[in-house]
Amino acid sequence: MTTEDSASSFAAMRTLLLASTILMAATSAFAQSAPQPAAPLAATAPASSILTVERVFANPSLSGPVARGVSLSPDGELVAFLRSRPDDVDVLDLWAAPVAGGEPFKLIDARALVPDAGELSEAEKARRERMRISQRGVVEYSWDEQGRYILAPLEGDVFLANRADGSVRRLTQTAADEIDAKVSPKGAYVSFVRDQDLVILNLASGAEQAITTDGDGLITWATAEFIAQEELDRDTGYWWSPDERFIALQRTDETQVDIIPRLDITGGGASVTQQRYPRAGRPNAVVELYVQDVQAGKRVKVDLGANADIYLARVDWAKDGRTLFVQRLSRDQKTLDLLSVDPSTGASRVIASQRSDAWVPLSHDFKALKNGDFIWASEESGWKHLYLYNRDGRRLRAITQGDYPVKALEGVNEATGEVFFTASMRDGKEYPIEQQLFRASLKRTGAPAEVTPRGGWWSPSVNGTGTAYVGNYSDVNTPPQSALYGIDGKRVRWIEENKLQPGHPFWPYAQRQQKPTFGTLQSHGQTLMWQMTTPPDFDPSKTYPVVMQVYGGPSAGGVKNAWQGATNQLLTEAGYIVFRLDNRGEGDRSAAFKQALYLKMGQPEIEDQVIAADYLRSLPYVDDSRIAMMGWSYGGFMSLMALTEPKMGLASALAGAPPTQWGLYDTAYTERYMSTPQANVEGYAASDVLGRLDRLTGRLLLLHGMADDNVIFENTTRVLNALQEKSIPFETMLYPGQRHGVRGNERQLHLWRTYLDFLDRTIGTRAPAKAD
């Protein structure tokens with residue numbers, strides 16, 4: 001159904017679909033089943049301080065001491081994690097905590113090792129942008145498999161922390177950046193990419209060995225190409241075999257990719273970058289896979305098939321290092337083949353395949369087992385589930401089943417035959433607003449058992465042997481906290497308790513924090529989740545303006561029983577009701593729920609948001625003439641589509657970095673959901689914002705980074721030009737030097753001051769009076 005259907009039929013449909021079921025009247029019940037929730041605010045409640053935008057974007061972070069990237073050492077004796085510096089939230093240090101007890105200690109002090117952080121290379125800037133890393137300092141790290149070393153890339157060079165004596169050794173000090181650094185599985189080497197070639201360093205001798213030497217210009221070795229990083233969730237381009245004999249590595253040739261001149265405008269001037277950007281329907285980079293025999297110095301090419309126009313999706317080694325498993329995705333993304341490769345010859349054969357009439361979703365849920373079997377996820381039942389296969393690709397059994405999707409395979413205990421996974425599920429049915437860790441069996445298909453308690457949002461990391469996990473947890477009453485747990489769910493030690501109490505950065509503002517309520521709406525037989533947060537001192541006898549926050553596109557969803565960001569409170573303190581709906585196409589839900597937008601992005605999503613807007617207008621405390629929408633990236637696209645949909649009736653919209661014509665966006669993402677512009681002319685035309693601008697229902701604020709290499713700035717300039725040609729008033733805020741996100745406290749402060757000012761003038765206290 002398109003947005004051009006008649007008003008009468010759409011009104012009839014809305015009448016039938018406007019049934020809302022409140023899941024709970026308040027969220028305090030969640031905390032009762034959560035581990036060590038924040039204490040209720042009672043006699044020790046803080047003073048009622050009003051949260052300001054200046055405080056939100058200042059140091060220290062209001063989130064408190066949140067541990068990032070937490071991992072357990074392979075020997076199980078130490079927990080490592082990243083922590084923001086109290087004097088600069090944008091710089092991370094590496095910390096560690098002994099499992100047996102004792103205070104955490106700083107393992108790598110970023111500023112002590114590199115006091116003056118220089119400019120990163122363009123390749124590293126692009127890689128971090130793809131990984132959504134905005135901080136500096138120690139932004140990633142890795143263990144060797146014995147747990148003797150922790151490798152930490154830092155500001156373009158590589159450092160190695162020694163567990164035995166606590167020393168930190170600088171491995172490189174070059175003008176070029178060393179990126180994607182790894183410790184080899186047995187700890188004999190450190191590897192990294194420098195100047196588009198793969199280099200390994202012998203830790204015993206300190207000698208470097210160039211594995212490749214011809215990386216230059218349009219040829220790059222061992223680095224995931226733009227599409228893999230941005231759209232396939234693959235951040236690396238090389239893989240060590242468990243025995244350190246082989247390295248699988250990709251070769252990327254961008255010769256046939258179109259050049260899109262990109263004007264990078266900064267505060268100090270402008271430069272033109274000749275960016276190789278594969279737009280929908282146009283050629284991709286040619287990616288080949290090779291296997292290097294490190295000992296023999298010999299390299300063989302892997303047979304990926306006769307068709308070079310494919311995606312190298314995933315690469316994994318068998319436990320014995322004798323087989324390389326490669327997932328090959330067709331260009332139209334309707335077929336995913338699993339190849340078994342002989343690393344000595346490069347010969348391959350297809351041992352299993354997945355197919356879909358829409359698209360086959362990629363995941364990291366592949367696990368090779370010691371006996372040669374492997375676990376692989378599939379969505380063929382309509383829900384994503386885990387299956388056990390033998391080494392030849394024959395399916396042995398389902399590990400999970402039911403009307404819920406597995407979120408991720410988290411770990412396996414091969415000694416006990418237990419499989420651990422995350423899911424949003426209660427009693428065998430999906431329950432999207434919460435997430436837990438579950439255990440199932442390799443040996444039989446049965447109902448999974450809960451490992452973590454119900455209530456709230458768990459993001460666990462299970463260790464390699466499946467005997468313990470790091471549990472990251474939050475709910476609407478509990479800021480993010482991290483602890484180490486035995487696999488039986490008993491807490492071993494806190495990593496960051498982050499308790500909301502006096503002394504916590506958020507404590508002065510906690511009493512005025514409003515907790516969201518949750519509910520559902522129905523659309524085309526699908527249940528849509530929503531959450532709503534009201535202003536402090538909310539009076540249901542009064543009316544309030546509403547800010548609809550939106551992403552709307554394929555994602556993990558945003559409606560969840562988890563700690564709410566401080567920016568939400570900025571909006572409620574300003575007097576706005578904050579509302580979010582996960583429309584069809586958004587969230588880790590069923591295949592049918594996600595595929596609703598296939599070939600017609602911007603249509604079913606807006607239909608669902610119209611249902612949400614109608615629901616809001618049915619509430620007596622909502623001012624139906626003062627509803628706005630705000631979003632970034634796909635959310636910016638949604639804001640523009642909604643502001644040009646009369647049935648939404650928005651008073652204003654804030655659209656950040658919006659894709660405004662899908663033919664301008666990249667191949668893998670766009671073609672996955674929309675096919676090519678040549679094959680889906682109608683769908684692309686319907687989602688082009690330019691054809692809808694005459695239907696603006698309210699005021700528009702457009703925002704964009706002027707160095708965006710993801711959603712190219714042209715997406716916004718074409719709208720600016722069209723609005724000016726039509727003499728339609730609008731507002732714009734551009735950010736020199738910023739890419740797809742606006743980074744740093746100072747610019748974030750400016751961004752949110754801009755948001756709040758615009759909202760105040762269009763739906764807030766300074767908005768024009770409503771005409772009689």
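Which residues are linked in a network of salt bridges?

**View 1. A salt-bridge network in the predicted model.** The network of salt bridges links Arg699, Glu731, Asp757, Asp760, Arg761 and Arg766. Over the whole structure, the search finds 50 salt bridges. Side chains of opposite charge can pair when their charged atoms come close.

**View 2. Salt bridge between Lys301 and Glu288.** The side chains of these two residues meet with an N to O distance of 3.1 Å. Lys301 belongs to strand E21 (residues 298-301) and Glu288 to strand E20 (residues 286-293), so the contact ties together parts that are 13 residues apart in sequence. Lys301 has a relative accessible area of 45% and is partly exposed. Glu288, at 18% relative accessibility, is classed as buried because the cut-off for that class is under 20%.

**View 3. Salt bridge between Lys429 and Asp403.** The closest N and O atoms of Lys429 and Asp403 are 3.0 Å apart. Lys429 is in strand E33 (residues 429-430), while Asp403 sits in the loop between strand E29 (395-398) and strand E30 (406-413). The pair links distant parts of the chain, 26 residues apart. Lys429 is partly exposed at 48% relative accessibility, and Asp403 is also partly exposed, with a relative accessible area of 36%.

**View 4. Salt bridge between Asp608 and Arg584.** Here the side chains meet at 2.9 Å, N to O. Asp608 is part of helix H9 (residues 604-617), and Arg584 lies in the loop between strand E43 (577-582) and helix H8 (591-594). These are distant parts of the chain, with the two residues 24 apart. Asp608 is buried, its relative accessible area being 0%. Arg584 is buried as well, with a relative accessible area of 7%.

**View 5. An open sheet of four strands.** The strands follow the order E22-E23-E24-E25, and their pairing is antiparallel. Strand E22 (310-317) and strand E25 (348-355) are the edge strands, each of which pairs on one side only. From one strand to the next, the twist averages 25°.

**View 6. The pairing of E22 with E23.** Strands of a sheet pair through backbone hydrogen bonds, either parallel or antiparallel. E22 and strand E23 (residues 324-330) run antiparallel and are joined by seven bridges. For Arg314, the bridge partner in E23 is Gln327.

Methods: Residues are numbered from 1 along each chain as its sequence is written. This is a predicted model: local features need pLDDT of at least 70, side-chain atom pairs count only at pLDDT 80 or more; totals for chains, interfaces and linings use all residues. Side-chain values use heavy atoms; hydrogens and water are left out. A salt bridge is a side-chain nitrogen of Lys or Arg within 4 Å of a carboxyl oxygen of Asp or Glu. Buried means under 20% relative accessible area, exposed over 50%, partly exposed in between (1.4 Å probe, protein chains only). Two strands pair if DSSP finds at least two bridges between them. Axes are lines fitted to C-alpha atoms, for helices over the stretch in contact, and angles run from 0 to 180 degrees between N-to-C directions.
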